[in-house]
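Thanks for coming, everyone. Have a look at the fold on the screen, and I'll walk you through it.

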Amino acid sequence: MEKTPNDQKIFVLRDHESSILTKASLSKLGFNPISIPLVSYQVTASTKVLSQVLKAYKPEMILLASERACSYFFELCRKLQLNSDYEFIVVGERAEKFLRAQGLNVVISCQKFLDLQFAKIKPEQRILYPSSRERNSQELEMLRKKGLEIKDIELYAVNFLGMQKELILALKESPNLPILVYSSSQAKALSNYPAFQAQIFCLGERTFHSLQSLGFKKVLVSPQANEESLLELLKSFYLCE
């Protein structure tokens with residue numbers, strides 16, 4: 001039987017600000033998006049702390065692994081009136097797109113964090129890694145053991161909004177409604193979800209692996225780590241068998 005997105009309800013697990021554009025895009029495709037923001041984000045680094053780290057550590061390269069990290073880092077740099085003449089390492093398409101749009105010097109780009117172990121980085125090069133409180137410490141230590149000199153600094157934190165109950169209640173009423181998941185933080189917020197019936201569409205391999213580790217079975221991942229690719233995946237699923 002042919003599937004159709006005609007008014008198909010779908011849960012969107014994004015923060016409130018980001019979900020606005022996503023809901024608009026889904027509505028244009030014929031979906032009926034329902035936003036349940038499980039997480040929000042908060043900048044935790046101060047201009048004073050960042051300034052002290054930059055002066056003391058004197059990084060040669062800045063490592064940014066998400067579009068959000070890019071945005072928050074440059075927001076603090078603007079407040080400090082710092083120039084951006086660093087060399088940048090980026091992980092992920094969205095982070096790279098953000099930096100190149102600013103005309104910045106991206107010298108290394110990769111799609112997965114651990115791919116940095118194969119990049120042409122000299123062991124003595126000092127790398128500053130502004131990231132979230134929930135960064136993957138194991139992957140970071142693996143890169144350090146490979147000889148990379150990386151200093152991490154907490155840039156922002158993920159706050160869980162306690163809306164898992166709302167999601168669980170909604171899914172009990174409609175257990176087969178699909179879910180859009182955009183990050184591993186959102187995947188972790190689903191850990192109390194008691195059923196695994198819903199079809200999940202997720203953005204990126206890291207989110208995919210997080211969902212798998214939590215026991216979710218019906219998960220499809222976008223071919224590329226951007227929203228356009230995720231929406232294409234969703235559209236093709238409902239327009240094809």
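**Sheet and helices**

Helix α3, residues 67–80, lies across β3, β4, β5, β7 (126–132) and β8 (149–160). α3 runs at about 105° to β8. One caution before I go on: this is a predicted model.

Now the sheet. It is open, with 6 strands. Read the order as β3-β8-β7-β4-β5-β6. The pairing is mixed. Which strands stand at the edges? They are β3 (39–43) and β6 (105–110). Each has a single partner strand, so one side of each is left without a neighbour in the sheet. From one strand to the next, the twist averages 25°.

Let's zoom in on one pair. Strand β4, residues 61–64, and strand β5, residues 87–91, pair in the parallel sense. Take L63: its bridge partner in β5 is I89.

Next, another helix on the sheet. α5, residues 137–145, lies across β7 and β8. Its direction is about 175° to β8.

Last stop, the helix pair. In general, two packed helices are described by the angle between their axes and the distance between the axes. Here we have helix α2, residues 47–57, and α3. Their axes come within 10 Å and cross at roughly 85°. Angles of 65 to 115 degrees count as roughly perpendicular, and α2 and α3 are therefore roughly perpendicular to each other.

Which residues meet there? From α2, we have T47, L50 and S51. From α3, look for F73, L76, C77, K79 and L80. By class, that contact has 5 nonpolar, 2 polar and 1 charged residues.

Definitions and conventions. Residues are numbered from 1 along each chain as its sequence is written. This is a predicted model: local features need pLDDT of at least 70, side-chain atom pairs count only at pLDDT 80 or more; totals for chains, interfaces and linings use all residues. Side-chain values use heavy atoms; hydrogens and water are left out. Two strands pair if DSSP finds at least two bridges between them. Helices (H or I, at least four residues) and strands (E, at least two) are DSSP runs, numbered from the N terminus. Axes are lines fitted to C-alpha atoms, for helices over the stretch in contact, and angles run from 0 to 180 degrees between N-to-C directions. Contact means heavy atoms within 4.5 Å. Angles under 35 degrees count as roughly parallel, over 145 as roughly antiparallel, 65 to 115 as roughly perpendicular and the rest as oblique. Ala, Val, Leu, Ile, Met, Phe, Trp, Tyr, Cys and Pro count as nonpolar, Asp, Glu, Lys and Arg as charged, and the others, Gly among them, as polar.
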